[in-house]
Amino acid sequence: MADYVPIPGGRDVRGVRDGPEEADSIVVACPPHPQQGGSRADSRLGSVADALAERSIATLRFDYGP
């Protein structure tokens with residue numbers, strides 16, 4: 001289950017939280033730099049999030065914003 005997470009600040013930075021609601025741990029998964037095509041939708045980050053969710057660990061993936 002993914003929850004969209006607004007990240008406050010001066011830039012429009014958006015994130016998504018994956019994994020179980022009751023997770024005791026969370027990993028912040030940083031995408032590659034956007035100038036190199038990186039985003040929170042990067043398939044590698046999705047694979048890591050899926051593997052962690054199977055172990056009851058949540059993941060926060062984000063975009064750097066403009």
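Modeller: Happy to, and let me begin with arginine 61: at 12% relative accessibility this residue counts as buried, where buried means under 20% relative accessible area, exposed over 50% and partly exposed in between, with a 1.4 Å probe and protein chains only. A word on the ground rules: this is a predicted model, in which local features need pLDDT of at least 70 and side-chain atom pairs count only at pLDDT 80 or more, while totals for chains, interfaces and linings use all residues. Residues are numbered from 1 along each chain as its sequence is written, and side-chain values use heavy atoms, leaving out hydrogens and water.

Biologist: Which residue meets the side chain of arginine 61 in a salt bridge?

Modeller: Side chains of opposite charge can pair when their charged atoms come close. A salt bridge here is a side-chain nitrogen of Lys or Arg within 4 Å of a carboxyl oxygen of Asp or Glu. For arginine 61 the N to O distance is 2.6 Å, and the partner is aspartate 18.

Biologist: How many residues apart in sequence are the parts that this pair ties together?

Modeller: Helices (H or I, at least four residues) and strands (E, at least two) are DSSP runs, numbered from the N terminus. Aspartate 18 lies in strand S2 (residues 13-18) and arginine 61 in strand S4 (residues 58-62), so the parts tied together are apart in sequence by 43 residues.

Biologist: Is aspartate 18 buried or exposed?

Modeller: The cut-off for buried is under 20%. Aspartate 18 has 13% relative accessibility, so this residue counts as buried.

Biologist: Where does the salt bridge partner of arginine 40 lie?

Modeller: Arginine 40 forms a salt bridge with aspartate 63, the closest N and O atoms being 3.0 Å apart. The pair links distant parts of the chain, 23 residues apart: arginine 40 is in the loop between strand S3 (26-29) and H1, and aspartate 63 is in the segment after S4.

Biologist: In the salt bridge of arginine 44 and aspartate 42, which residue is buried?

Modeller: Their side chains meet at 2.8 Å, N to O. Arginine 44 is exposed, with a relative accessible area of 55%. At 12%, the buried residue is aspartate 42.

Biologist: Which residue has its backbone oxygen 2.8 Å from a polar atom of the side chain of arginine 17?

Modeller: Arginine 17 is found in strand S2 and is buried, with a relative accessible area of 17%. The backbone oxygen of glycine 19 lies 3.5 Å from a polar atom of this side chain. At 2.8 Å, the residue is proline 20.

Note on methods:
Polar contact = N/O pair within 3.5 Å; in protein donor to acceptor, adjacent residues only side chain to side chain.
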